[in-house]
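Please read the following report alongside the sequence and the three-dimensional view. Headings divide the text by topic.

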Amino acid sequence: MNSVACPSCCSIIRAKHRSVSRRRAQVRAMRAIVQRVSSASVEVEGRIVSEIGPGLLVLVGVHESDTDSDADYICRKVLNMRLFPNETTGRAWDQSVMQKNYGVLLVSQFTLYGILKGNKPDFHVAMPPQKAKPFYASLVDRFRTSYNPDAIKDGVFGAMMKVNLVNDGPVTMQLDSSQPSRNTKDGMEEP
């Protein structure tokens, strides 16, 4: 007996497969929103707890599956991103925050892993606070060890913060740690 596929059933199956593939291909990595700033500060309960002049404001979202290698990647990439002009040569996008000897303000922001379910945000893929707090602290330590400790500032983990910034440019970049073993099959990117 020959079976004949129903065209409408096939299109439903293909749509479901694409949806599952998209969910599997979603980023499962540490996320950083990097903003080049003229100045930035963090205020908690009416008091400024951290501030920098020129440099980078980095909002950090920690995924539940993040590891030390994700933190290493984000630290290395942020400190070496060429987001600043070189006044000597006139070249734009030529120097890193370290070459300019500028500040870095790190702010933990679990909402970077918010997913809307209807109109309500869901944060279930963000690392739970009891695990995220020491992990984030280790990320701040990595930055301080890799650069000038006095140039690295951060907010207050878990606090209600007011983040003030003067975005220079504006320049804003999104950076996700690379994790091919989690995002791909056998090291090959999924469509």
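The report begins with the basis of the model and its overall composition, and then turns to a helix pair, several strand residues and some backbone features.

## Basis and overall composition

This is a predicted model, in which local features need pLDDT of at least 70 and side-chain atom pairs count only at pLDDT 80 or more, whereas totals for chains, interfaces and linings use all residues. Residues are numbered from 1 along each chain as its sequence is written, and side-chain values use heavy atoms, with hydrogens and water left out.

The protein has five helices and 10 strands, where helices (H or I, at least four residues) and strands (E, at least two) are DSSP runs numbered from the N terminus. Of the 191 residues in the protein, 38% are buried; buried means under 20% relative accessible area, exposed means over 50%, and partly exposed lies in between, with a 1.4 Å probe and protein chains only. When contacts (heavy atoms within 4.5 Å) are taken between residues at least 6 apart in sequence, 72% of them join residues at least 24 apart.

## The pairing of α2 and α4

Two packed helices are described by the angle between their axes and the distance between the axes. For helix α2 (residues 68-80) and helix α4 (residues 129-146), the axes come within 10 Å and cross at roughly 40°, the axes being lines fitted to C-alpha atoms, for helices over the stretch in contact, with angles that run from 0 to 180 degrees between N-to-C directions. That makes α2 oblique to α4, since angles under 35 degrees count as roughly parallel, over 145 as roughly antiparallel, 65 to 115 as roughly perpendicular and the rest as oblique. The crossing of α2 and α4 is right-handed, a term used if the near helix is turned clockwise from the far one by less than a right angle, and left-handed if anticlockwise.

On the α2 side, the contact is made by Asp-68, Ala-71, Asp-72, Ile-74, Cys-75, Val-78 and Leu-79, and on the α4 side by Phe-135, Leu-139, Arg-142, Phe-143 and Ser-146. The residues of this contact divide into eight nonpolar, one polar and three charged, where Ala, Val, Leu, Ile, Met, Phe, Trp, Tyr, Cys and Pro count as nonpolar, Asp, Glu, Lys and Arg as charged, and the others, Gly among them, as polar.

Ser-41 is found in strand β1 (residues 31-44) and is buried, with a relative accessible area of 9%. Not counting residues up to four places away in sequence, Ser-41 touches Ile-48, Ser-50, Glu-51, Leu-105, Lys-162, Val-163 and Asn-164.

Glu-43 also lies in strand β1, but is partly exposed, with a relative accessible area of 22%. Leaving aside neighbours within four places in sequence, Glu-43 is in contact with Ile-48, Met-160, Met-161, Lys-162 and Asn-164. Glu-43 and Gly-155 are 112 residues apart in sequence, and their C-alpha atoms are 8.1 Å apart in space.

Asn-86 lies in strand β4 (residues 84-86) and is buried, with a relative accessible area of 11%. The side chain of Asn-86 makes a polar contact of 2.9 Å with the side chain of Asp-94; a polar contact is a pair of N or O atoms within 3.5 Å, of which, within protein, one must be able to donate a hydrogen and the other to accept it, and residues adjacent in sequence count only if both atoms are side-chain atoms. The side chain of Asn-86 also reaches the backbone nitrogen of Thr-89 at 3.3 Å.

Lys-117, in strand β7 (residues 115-117), is exposed, with a relative accessible area of 51%. Its side chain is joined to that of Asp-122 by a polar contact of 3.2 Å. Not counting residues up to four places away in sequence, Lys-117 touches Asp-122 and His-124.

## Backbone features

Most residues other than glycine have a negative phi, and most peptide bonds are trans. Glu-45, which is not a glycine, has a positive phi of about 50°; Glu-45 lies in the loop between β1 and β2 (47-52) and is exposed, with a relative accessible area of 81%. Asn-101, also not a glycine, has a positive phi of about 60°. The place of Asn-101 is in the loop between α3 (97-100) and β6 (103-108), and Asn-101 is exposed, with a relative accessible area of 56%.

The peptide bond from Gly-169 to Pro-170 is cis, with omega near -5°, and Pro-170 is found in strand β10 (residues 161-176).
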